[in-house]
Amino acid sequence: MITEERKAQLHKYYQDHKDDILAKQREYNEEHKEQQSLKRHERHLRNRNQDNERQREYYKTYYAKNKEELIKKAVAYHSKHKDKSCAASAKFREINNEAWRQIKQRYNSTHREEARQYSARYWREHPEVVRNWNRMRKARAKGAEGRFTQQEFERKCGVYNGRCVYCGTISELFPDHATPLSRGGRNDINNILPACADCNMEKHNKTYSEYLFRKLVDCGADRVLMESV
Ligand SMILES: [Zn+2]
């Protein structure tokens with residue numbers, strides 16, 4: 001048991017050498033960053049439940065007290081380090097998928113009007129995401145396996161220099177299933193080609209080679225090919 005006298009001694013020592021102690025601590029922390037964060041994480045796991053309650057209470061009061069300043073700081077940080085900040089949020093969402101879903105759900109249920117406005121604005125500003133989402137839903141309804149992102153599709157368009165794979169025109173491109181879903185094609189990027197709206201519609205449920213051959217026949221190129229063999 002530590003005596004009052006000893007406590008006072010320690011306290012005085014700390015006060016007298018505060019800067020030194022803190023500097024050493026910072027240095028130590030800097031050198032042992034990974035161990036420290038591992039330790040913190042272990043401690044957090046050990047005390048998860050009671051910690052959570054205590055911490056939540058603490059943050060809640062702290063946040064309520066300093067709300068405006070905190071928001072200002074966060075906005076300033078975000079606009080100064082946009083890439084870093086977005087990457088960190090994305091990583092957080094990826095690691096805490098389930099927790100993130102619950103946070104969103106909780107927010108949406110208490111901020112219905114804001115949530116509605118936010119999604120309306122998001123959908124308006126990102127029509128390509130909406131289209132992709134609709135395609136995924138349709139593909140799932142057809143029982144197709146696999147999925148691809150809008151970024152993957154844009155990369156694929158880049159590979160074809162932004163041209164329709166069938167007629168070569170440069171126009172708005174849509175994902176076309178080389179082997180149609182209705183004929184067992186997968187809904188992943190390996191089965192996706194960029195096609196213009198006309199070709200996409202005309203191809204319908206033909207495969208890539210069937211449609212390409214059809215196009216050759218239409219322009220008489222198949223005869224030229226046959227004759228040259
Ligand atoms: Zn085309």
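This is a predicted model: local features need pLDDT of at least 70, side-chain atom pairs count only at pLDDT 80 or more; totals for chains, interfaces and linings use all residues.
1. Two strands pair if DSSP finds at least two bridges between them.

2. Strand β1 covers residues 173-177. It pairs with β2 over five bridges, in the antiparallel sense.

3. How many residues of β2 are buried? Five of its five are, so the strand is mostly covered, given that a residue counts as buried if 20 or more other C-beta atoms lie within 10 Å of its own. Both faces of β2 are covered. On one side sit I192, P194 and C196, and on the other L193 and A195. Each of these residues is buried.

4. Why is L193 called buried? Because 23 other C-beta atoms lie within 10 Å, and the cut-off is 20 or more.

5. What does L193 touch, leaving aside residues up to four places away in sequence? The contacts are V165, D176, A178 and Y208. L193 and C164 are 29 residues apart in sequence. In space, their C-alpha atoms are 8.3 Å apart.

6. Now turn to helix α5, residues 82-95. The helix has 14 residues. From first C-alpha to last it reaches 20 Å, close to the 20 Å expected at 1.5 Å a residue.

7. Is α5 covered or in the open? Of its 14 residues, the number buried is zero, so the helix lies largely in the open. Strand β2, in contrast, is mostly covered.

Methods
Residues are numbered from 1 along each chain as its sequence is written. Helices (H or I, at least four residues) and strands (E, at least two) are DSSP runs, numbered from the N terminus. The expected span of a helix is 1.5 Å times one less than its number of residues. A residue is buried if 20 or more other C-beta atoms lie within 10 Å of its own, exposed if 12 or fewer, and partly exposed in between; C-beta atoms are placed from the backbone. Two residues are in contact if their C-beta atoms, placed from the backbone, lie within 7 Å.
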